[in-house]
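Open the model in your viewer and keep the selection tool ready. We will go stop by stop.

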Amino acid sequence: MLNKKILSLIACTAIFSGSIFAAEWKGELPKLSGYLQTGVNYSNSGGISTSTFQAKRLRLLMDGKVAKNVDFRLQVEAFNGVAGSKNGNGQKNLQVMDAFATWKIAPEFKVRFGQFYTPLGYENYDISPSTLETVDFSNIVYRMSCRNPYTYNLVDYGRDLGIMFIGDLWDSGKGFRYFHYDLAVTNGTLPCSDDIDNYKDIYASVTVRPFKYFNIKATYNFGKYKTMDHGSSKAMKGASENGNPMHRFVGGVWYNNPNGLDLRSEAGFIRSTVNGKNYINEFSSYVFAGYHLGKFLPMARWDMYSDSINHDLTGANYNRVLVGLTYEVFKWMKFQFNYSHFFYKNSSSEQVQLMGLFKF
């Protein structure tokens, strides 16, 4: 008899909870989407050439509503090709990129919880691989935004766990707002993992849009880090074990007319000084120019990276020139051709990429 009463109570509770859920849900189901970027990659360095068919990116997204003003996003990536994301056989693993909820209290004030992309630079925050003009990001992303600083070559995908406050102020009445801000507090460690110390990272970012198609952005990040094994890198070697300060800054300008000129430039640095000695001192910059000609986007980009501590590492100090052409067949499919030439201190290399991007 007792078991029947308990079962009845559970059933009543489930029906009651279900009725509340149905009332809040209002029949809105999560939206599934994603994209595949695949093609051919050729490179030639020091007279040694390689070519491979490549599934460069595969991303699956789920966006939905928890309540009328609370959204969530889940994004998973495969085929990213980052060394740290491969298994023991060299195969590429799945990686959780985004797992966050956003409480949209008002356009001027929103709160984001979970694992999200940090606002350091345009390409890490305002652009995704599916909307990026080129196949690959600039070094502002790969060597600054997407690299956890406490270990020299440890990629953190530009993501972190924490809380972020977001807002858009002063409506222009022309389809955009003049001022955007992001203020985040995060673990300052790798995504999908707990913090390894008591220190937290702070991000403060502002974007000013004085007129349509044009904006100026600046982001500052500060954190303290625990030194780890850095392999061949000199980064942080000899510094104290805990509490090493790290400063990152990225600033840029962007003009993007969807029916005309696309012009963007950013510059940034990473710096860590302990007891008056520089342990990390790196600088990066790029200039991108393209022009929308109907379905075609011809483009060119110059970018550079300079690491004054690891100045002997070839891959950490170079200039790169890229020329390319994108053909958008329709909204959900485009083809990208990129040719890149790398200039190192005592050598050079080249890369050719032909990729198709297919969305659903």
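Start with Trp170, which is exposed because its relative accessible area is 57%, above the 50% cut-off. Bear in mind that this is a predicted model. Trp170 belongs to strand E6. Check its backbone: phi is positive, about 65°, although the residue is not a glycine.

**Along E6**

Now select residues 159-171, the whole of strand E6. One partner is strand E5, residues 109-117; the two run antiparallel and are joined by 8 bridges. Pick Phe113 and look across to Ile163 in E6, which stands opposite.

Next, show residues 177-186, strand E7. E7 pairs with E6 in the antiparallel sense, over 9 bridges. Here Ile166 faces Asp182 of E7 as its opposite number. Follow the chain from E6 into E7: the two strands form a hairpin with 5 residues between them. Stop in the turn at Gly173, where phi is positive, at about 75°.

Which residue other than glycine has a phi near 75°? Select Tyr213. Tyr213 sits in the loop between strand E8 (201-211) and strand E9 (214-225). With a relative accessibility of 31%, Tyr213 counts as partly exposed.

**Aromatic pairs**

Turn on the rings. The structure contains 15 aromatic pairs. Zoom to Phe137 and Tyr142: the ring centres are 6.0 Å apart and the planes meet at 75°, so this pair is edge-to-face. Tyr142 is partly exposed, at 32%.

Then select Phe100, Tyr117 and Tyr125 together; they make up one aromatic cluster.

**Charges over rings**

Move to Arg143. Its charged end sits over the ring of Tyr305, 5.5 Å from the ring centre. For another such arrangement, go to Arg264, which lies over the face of Trp254 at 4.8 Å from the ring centre.

**Last stop: Asp307**

Asp307 lies in strand E13, residues 296-307. Asp307 is buried yet has no salt bridge. How far away is the nearest side chain of opposite charge? That side chain is Arg143, at 5.3 Å. A salt bridge would need a side-chain nitrogen within 4 Å of a carboxyl oxygen.

Key
Residues numbered from 1 in each chain as written. Predicted model: local features only at pLDDT ≥ 70, side-chain atom pairs only at ≥ 80, totals over all residues. Heavy atoms only, no water. Helix = DSSP H or I, 4+ residues; strand = E, 2+ residues; numbered from the N terminus. Buried < 20%, exposed > 50% of the residue type's maximum accessible area, 1.4 Å probe, protein only. Lys, Arg positive; Asp, Glu negative; His and termini not counted. Phe/Tyr/Trp six-rings, centres within 6.5 Å; stacked < 30°, edge-to-face > 60°. Lys NZ or Arg CZ within 6 Å of the ring centre and 35° of its normal. Pairing = 2+ DSSP bridges.
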